[in-house]
Amino acid sequence: MALTFDRHRRLRKSAAMRNLVRENHVRVEDLIYPLFVVEGTGIKNEIASMPGVYQLSLDMLAEEMKEIAELGIQSVLMFGVPSHKDACGTEAYNDEAITQQAIRQIKKDHPEMIVIADTCLCEYTDHGHCGVIHEGEVVNDETLELLGKTAVSQAKAGADIIAPSNMMDGFVIAIREALDEAGFQKIPIMSYAVKYASSFYGPFRDAAGSTPQFGDRKSYQMDPANAREGLREAASDVKEGADFLIVKPGLAFMDMVLRLRENFNLPIVAYNVSAEYSMVKAAAQNGWIDEERIVMETLVGFKRAGADLIITYHAKDVAKWLAR
Ligand code: PBG
């Protein structure tokens, strides 16, 4: 008697057949490229722990943006690294600060580019925490006011999307109200809804100069052990008016991408964070892995988990590979 079993290999037998049944695709439009801007001129500092990623002064940013636009990348995520930092992060909400200047420059040179502003205080405070400190603690409600001011200042500079990453309770509604009051009802909020207190941000903190000078971020970012808590955080952000939800770190916590996809109908964004990039780069430089295939597999994994968009330092490479 003949054995009965399923013939899955029928649909895998040629490249054309595999193309025909492919369920998920990475498009250049899915990619968001992070940028680090610094004061000064002629500065293009490679981040030692992130090969191929630079701190850029405005003139070098202009060159970089030309390349990004030519590659077909249509969204960038802005991080400003000011030289003056203080206890309250005043450069975050100074209309003339480096982040605001960079946003204005990009929107002038590339009006179609979607400029997303990371809205947090840690790159701007001298203590490196994401909010105002009282008696050794990051205080919630006073920080909200500063976040609102930061978002409005970024919107005034021309930011198309505000992306608050600071993990204070109520940050979405505080920013929504501040934006609306200032006449920016049309500016969406891309909330870092599910953001863990993760060691995967180490290289980013080299790039942004935002390592906390004391303690850690565990009283505001989430415990990496918790998934249900992530759903509660996301539900709050949705209720408060978020327009997009970010999961971060994306690769390490891809389960949360899937959980958000199953629970919410907003666009979901996976942040493929700095150490996830650095590990791939280090292994590739050693000749231990096939960088292109590893990266493409990772990104299609994000899509399969349910991500609509991917923030990734690999974006320029991916755009080149996709164009081939
Ligand atoms: C700002 C912020 C961080 C990252 C994005 N926005 C650092 C942090 O929370 O410590 C990390 C991104 C990365 O590692 O690539 N709060």
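Guide: Two residues are in contact if their C-beta atoms, placed from the backbone, lie within 7 Å. This is a predicted model, in which local features need pLDDT of at least 70 and side-chain atom pairs count only at pLDDT 80 or more, while totals for chains, interfaces and linings use all residues. Residues are numbered from 1 along each chain as its sequence is written.

Visitor: Against which elements do the buried residues of H8 pack?

Guide: Helices (H or I, at least four residues) and strands (E, at least two) are DSSP runs, numbered from the N terminus, and a residue is buried if 20 or more other C-beta atoms lie within 10 Å of its own, exposed if 12 or fewer, and partly exposed in between, with C-beta atoms placed from the backbone. In H8, which covers residues 254-263, the buried residues include Met256, Val257, Arg259 and Leu260. The elements that the buried residues of H8 pack against are S9, helix H7 (228-240), S10, strand S11 (268-272) and helix H10 (291-305).

Visitor: Which residues are exposed on the other side of H8?

Guide: Met256, Val257, Arg259 and Leu260 are buried in H8, and they lie on the same side of the helix because they cover an arc of only 165° around its axis, the arc being that of the directions from the helix axis to the C-beta atoms. An α-helix has 3.6 residues a turn, so residues three or four places apart point the same way. On the other side of H8, the exposed residues are Asp255 and Glu262.

Visitor: Which residues does UniProt list for "active site"?

Guide: UniProt positions are given here in the numbering of this model, feature names are shortened, and annotations may be inferred rather than shown by experiment. In the unreviewed UniProt entry, the residues listed for "active site" are Lys195 and Lys248.

Visitor: Is Lys248 buried or exposed?

Guide: The contacts of Lys248, leaving aside residues up to four places away in sequence, are Tyr192, Val194, Lys195, Tyr271 and Val273. Because 25 other C-beta atoms lie within 10 Å, Lys248 is buried.

Visitor: What is the omega of the peptide bond from Lys248 to Pro249?

Guide: Pro249 lies in the loop between S10 and H8. Most residues other than glycine have a negative phi, and most peptide bonds are trans. The peptide bond from Lys248 to Pro249 is cis, with omega near -5°.

Visitor: Where does Cys122 lie?

Guide: UniProt lists Cys120, Cys122 and Cys130 for "binding site" in an unreviewed entry. Cys122 is buried because it has 25 other C-beta atoms within 10 Å, and its contacts, not counting residues up to four places away in sequence, are Gly128, His129, Cys130 and Ser210. Cys122 lies in the loop between strand S5 (114-119) and strand S6 (132-134).

Visitor: How do the residues of the shell around the ligand divide into nonpolar, polar and charged?

Guide: A residue is near a molecule or strand if its C-beta atom, placed from the backbone, lies within 6 Å of it, and the residues around the ligand include Cys120, Cys122, Cys130, Ser165 and Val273. Ala, Val, Leu, Ile, Met, Phe, Trp, Tyr, Cys and Pro count as nonpolar, Asp, Glu, Lys and Arg as charged, and the others, Gly among them, as polar. The shell divides into six nonpolar, three polar and two charged.

Visitor: What is the phi of Met167, which is not a glycine?

Guide: Met167 lies in the loop between strand S8 (161-164) and H5. Met167 counts as buried because it has 24 C-beta neighbours inside 10 Å. The phi of Met167 is positive, at about 70°.

Visitor: Which residues have the most contacts inside the largest nonpolar core?

Guide: A nonpolar core is a set of buried Ala, Val, Leu, Ile, Met, Phe, Trp, Tyr and Cys residues joined through C-beta atoms within 7 Å. The largest one has 96 residues, and those with the most contacts inside it are Met78, Ile116, Ile162 and Val269.
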